[in-house]
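Dear colleague,

I am passing on a structure for you to look through alongside the notes below. Please keep the sequence and the model open together as you read.

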Amino acid sequence: MQIRPGAVAASVLAVAALGCDRAEIHSYRVPKSAESASGADALLAGGAGENPSLPQRRPSGAVSWSVPASWKEVPTTQQFRLATFDAAGVEVSLTAFPGSAGGVLANVNRWRGQIGLDPTDDAGLAQLLTTSREGPTDVSLLSMEGKDGKVMLGAIIVPGDGQTWFLKAMFVKATTDAAKADALRADFGAFARSFRLGGTPAGSGDDAAAAPASPTTSPTTSPSNDGASIDARLSRFKPPEGWAVESGGGNIVAAAFKATNDGGGARVTATSLGNDGGGDLANINRWRGQLGLPPLADLAAVERSDLVAGLLAVDLRNADGTDRMISVIAPSGGSTWFFKLRGTAAGVEAERAKFAAFVREVAQGGKP
Amino acid sequence: MKSFPRFFPIVVALCVLAFMGSAIARSFAAGDRARGVALEDIERLPVSAGGRTKPLDTFARNTLLRLSGRQTFEVDDARRSATEWILELWTDPSAAAERRVFRIDHPDVKSLLAISDTARTRFSWKEMEPKLDEVVRQAELAQQVSRKQQDPFQRAIADLYGKLSEYAEVRALRTPYVVAPLAAGEEWAPMVVVDPHEKGKTSINDSESARAFQAILVTYSTGDSANCERAVAAYTARLNASLAPEMQRGAFEVVFSRLEPFYQSSALYMLAFLLGCVGLLAAPISPDRWKPSLFRAAIVVIAVAFVVQTFGLCARIYLQGRPPVTNLYSSAVFIGWACVPLALFGEWFSRVGILSIAASFIGFATLIVAHNLSASGDTMEMMQAVLDTNFWLATHVVVVTIGYSATFLAGFIAIFYVLGGACTRLLAGEAMKALPKMIYGVICFAALASFVGTVLGGIWADQSWGRFWGWDPKENGAAMIVAWNLIILHARWGGMIRERGVAAMAIAGNVVTAWSWFGTNMLGVGLHSYGFMDSAVFVLSAFCLSQLLLMAVAFVPTAKWKSLQPA
Amino acid sequence: MNAVLNLLKPFASLKLTVVLLALSMFLILAGTLAQVDQGVWLVVDSYFRSIYVAIPFQLFVPRKLAEIPGVLPFPGGATLGVLLFVNLVAAHLVRFKLAWNRAGMIVTHAGVLLLLVGEFVTGAFAKEGNMTIAEGESANYIEDTRSCELAVIDGSDPKDDLVIVVPGQILEDAAGADLSNGLLPFTVRILEWMPNSRLLGPMQASPAQLSRASAGFGKQVAAVPARVASGVDGAGTDFPAAYVELRSGESSLGTYLVTTQLRSLQSVDVGGKRYDLALRFERRYRPYTVKLVDFRHDRFVGTEVARNFSSLVRLSDPAQRVDREVLISMNNPLRYAGETFYQASFAPDDSGTVLQVVRNPGWLLPYISCTLVTIGLLWHFGIRLAGSFRRKLA
């Protein structure tokens, strides 16, 4: 019989189909692994793409926290409880669940049930919770008193790792003295607020990347909390007569004024730089360069002006006296401010007093 | 004047060369001045955005393009450069807030902003300021709906929000990263950094290059032009010492942006197309003098356009350090480019003139597509790690794109054949015999290029993640082009179709190629989904419909074809 | 011989080639559109590696426009591939003469045949999997997220563990029935099988759901069925789960929830002997270990776009006296023991790496095929083109 290619192909196919990958129950031996049934950390799958997720470690690579000093961690016996602490006899439990874990109301009501209270609604919930934002972490704290003097402290924490974390402590009022209860409340709150996404808890961490600024905030000079900062004073500053606002609100040139006078006028600018702005000497030499003056070797050689008490100021003139600049250096917190008056010799002289008043008011908070 | 037709191509050549010469001269000429300062050196200062080091000029142009749709802005009816705009934004934000740089088309968005002048399309920050809160609220609502399900208003408001955020980021100097790495081990850094510990607090970089940049801005803002230029020169010298290669590329990139080679060549292709069409129309009237003259002129113009476009592509290779096809934009440019030598080669063979018309049409159509794709900003964006340059990837992308070009070229020649042959007498004679041969020849080439290109893609995939063929939509699209070209060839060899059939199927090849090139991107699946366009769906559908209609013309019986009627 | 050739004649027809190519093109289109709603592997298995496929008409019409019921019965990729193979071989046997001017075509077609064979071999024999390793940890097995298995582990031997594995396909087929086998220490009754599931935490699940299990973590979490993953959502992995009742003889050992979403083992006591139970992605253990020493994910400055990924791993295979460090990065895989390890992806927060591990005995075939086809086409068209040149210049 002649061999027909078609038949050959067909039979090869059939054999292959039969031979490959018939699933069967089988067994094999493997070296011992670290996993075991009890005390294993629960692994909750992330579910992104084709990557099976990784075992969670404590503190997990994603979220960290700082435990109050007087609390001791005790071994966890239950699955899904990530940690248990002993706070002077009171048991505090920490658990985490993916996503919103059923929602805040459902969980609070479950806790209420545990201390014999009836469930509440959204309005009641709003009364119970104290919500705050610690950096990127949302923390909701509550304290409820239920039947038989049972007090429950709870915290619902969302650090932004895709999970919701629950912290719970329960004690009986009658058998706990007031001081201990207060200390517990304080420690509990501090612990809850210390949750952070990233390596180090409470404060630093990888969340430095700026989110896009909301367009409503004009991102001008940094709105510092300190009302007495240079920024704030500068924005409140009312220019005296003869000074016209040229520009303002930039990040580099925080403010600029054009002063008109008989001497030919002058320009006033206020700018800031981080830290020491590169060093006083470097800046002074730069200004000297702008006026065509040679640089100086060290600060001792600088002729200081006494324009404003307490601040380093220089009064520079170019070779033929036509160009004059008065600059004041004012350190402030983590940055350095530079106030400059620049113009013809006569123009600058005419504005000198007003400029000094400006610097005193803005840099030192003196009377306007 | 009788011999004018003979000199006509030379005249055209001279005009075109003069045109290009002046464009080149203009791009090398000294730039604008603003506030008494020559902007040219400031334009060349390098910054980093999107991970790529580029001249400030490019960043300013891209940002302005994204916000307003144009690379320049208007001051008192005069057009000023993007660099001037960005400098004003940094040094005098309140003045900059009055510049009309936000493009808004949707009427509901305009009415939300309480803008009375609805005929205008560009608006300023100041005009929108009173209603910004409402914009933010609407945008937050819109962002809760997935992009595919947003209605046009939601999409428009989300776009506007994106533009406003981008504007705020640039104004605050959080982007681009302007602080250059002057010492070894340093990285590009932003001038302004948001404090991670205290919300709302910002700190300003104080390194050497930050201070130098600051000095430039401060002197610019006070109009101290002499010191500004001195500061720029000093900083440039410092940068030349530490970042010499980036500075060189940056200076070249500024010239490249001014020259706009792809825009110039699209204009030239358009001219060539017109010359070719006129030549075709002149065929019955003056077949010996004007027809060859116009065709020759068209070829001359195409040649110049090709040289310009080649320069543009080479410039991109130099600037990016990558093969010429890296994203959808560059694939469009390359497709048009690759058609030209193919067409000219075929032209040499057959002398029908149609090929040059087809090539010039594809040239300017693809450049228009490219132009539309460039509106999203930096066309020389950084490629993610898996697309790192690698011999297989570079050859795959180039060869497969050549395959696309060839299939399109065959399709367009077929369109001319069908329309010209059936509906007009313009192709009577030699053309009717030569064109089908050309179509066949180009399809042979297309089959080879698309097959080899597809297999090279498989080899790259095998080298990169161990899977030669993954049945990905883009891979499938390429396979469909190969299959279609093979079907045409085998059907012709088997006598199942003849000239009309080959032409009709070649036109269908346009649909298959358009599907593979754009359609697969719109499915949003697979490893190749790097382009997302909304209005493109409509354009793609319209294109496919047009091709089907043209195919229908091919089914008119040969006996009725006008160009085949006896004279 | 003539009898054979006569029999092959209808298979050798060029018309058949054109028809088969057209059918293949249509199949590829359908298989591309199907990926909008279904995961790529499902589509590959049902459209391209199957003998027959039912193509829904709805694929070609957007749902928003109209709802179209019904399917089109169509030959699957394997069928078309075999037919093309036969057609090509038959055509050559029947029609082609061995001549120099035909050599190009013969070589080309040989290359095409090899390509078909290559895809067939890949489909049948290639094995892909993942190795997910956290930084500082090691792995000695490869996971295949496309299939799962029920593992019953007997850790009584101090030297190593005995693992009894029930492939997921068997569990799925036995749903609702009892599964027993000489290897298993108990009978497994599958109460509910979920090809993809969602996990409900203690707060989310109802008491009824939590009471389905009588032992193990199923008392604290519950699983509910979820839609099988589709390509467009990005998350291509299915997480199977099941509720199973274990019986030993007449008595019940308890009802357990087993799910691939949790790595914890659950213990079962069978007559004083402890076994550990888990439903996990299919594992293939290897005699060597890969330890992730350092994972680097560089991004372009100021963006999240990846500039490069790389994993510095330590490969140790005591039996082969192998103990060395290797850097695996994009486009630079590690080849060891017939398998290739590619840098594929990474775990959230760069805490670990995901390596794609591929074993494909047919990997060389496409390379040979490409070379053959290129040479063949260049030869064939080259001759034609040269002929045209000669005619033109003459």
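Predicted model: local features only at pLDDT ≥ 70, side-chain atom pairs only at ≥ 80, totals over all residues.

The axes of α17 (residues 391-423) and α20 (residues 499-517) of chain B come within 8 Å, and they cross at roughly 140°. Angles over 145 degrees would count as roughly antiparallel, and α17(B) and α20(B) are therefore oblique to each other. The crossing in which α17(B) passes α20(B) is left-handed. On the α17(B) side the contact includes Y404(B), F408(B), G411(B), I415(B) and V418(B), while the residues they meet in α20(B) include A503(B), I507(B), N510(B) and W517(B). By class, the residues of this contact between α17(B) and α20(B) divide into 11 nonpolar, five polar and no charged.

Turning to the contact between chains B and C, 48 residues come from chain B and 48 residues from chain C. On the side of chain B that touches chain C, the elements that give two or more residues are the strand β3 (46-49) and the helices α18 (430-465) and α19 (473-493) of chain B. The residues on that side of chain B comprise 29 nonpolar, 15 polar and four charged.

Some points of the backbone may deserve a look on screen. T175(B) and P176(B) are joined by a cis peptide bond, with omega about 0°, and P176(B) itself lies in the loop between α9 (152-171) and β9 (192-194) of chain B. D76(B), although it is not a glycine, has a positive phi of about 50°, and D76(B) is found in the loop between β5 (72-75) and β6 (78-81) of chain B. Because D76(B) has 5 C-beta neighbours inside 10 Å, this residue counts as exposed. A337(C), which is not a glycine either, also has a positive phi of about 50°, and A337(C) sits in the loop between β16 (334-336) and β17 (339-346) of chain C. With 13 other C-beta atoms within 10 Å, A337(C) is partly exposed.

Finally, chain A has seven helices and 17 strands, and buried residues make up 32% of the 368 residues in this chain. Among the contacts in chain A with a separation of 6 or more, 48% are accounted for by residues 24 or more positions apart.

Technical notes:
Residues numbered from 1 in each chain as written. Chains lettered and ligands numbered in written order. Helix = DSSP H or I, 4+ residues; strand = E, 2+ residues; numbered from the N terminus. Buried ≥ 20, exposed ≤ 12 C-beta atoms within 10 Å, placed from the backbone. Contact = placed C-beta atoms within 7 Å. Nonpolar A, V, L, I, M, F, W, Y, C, P; charged D, E, K, R; others polar. Axes fitted to C-alpha atoms, helices over the stretch in contact; angles between N-to-C directions. Parallel < 35°, antiparallel > 145°, perpendicular 65-115°, else oblique. Left-handed = near helix turned anticlockwise from the far one by under 90°.
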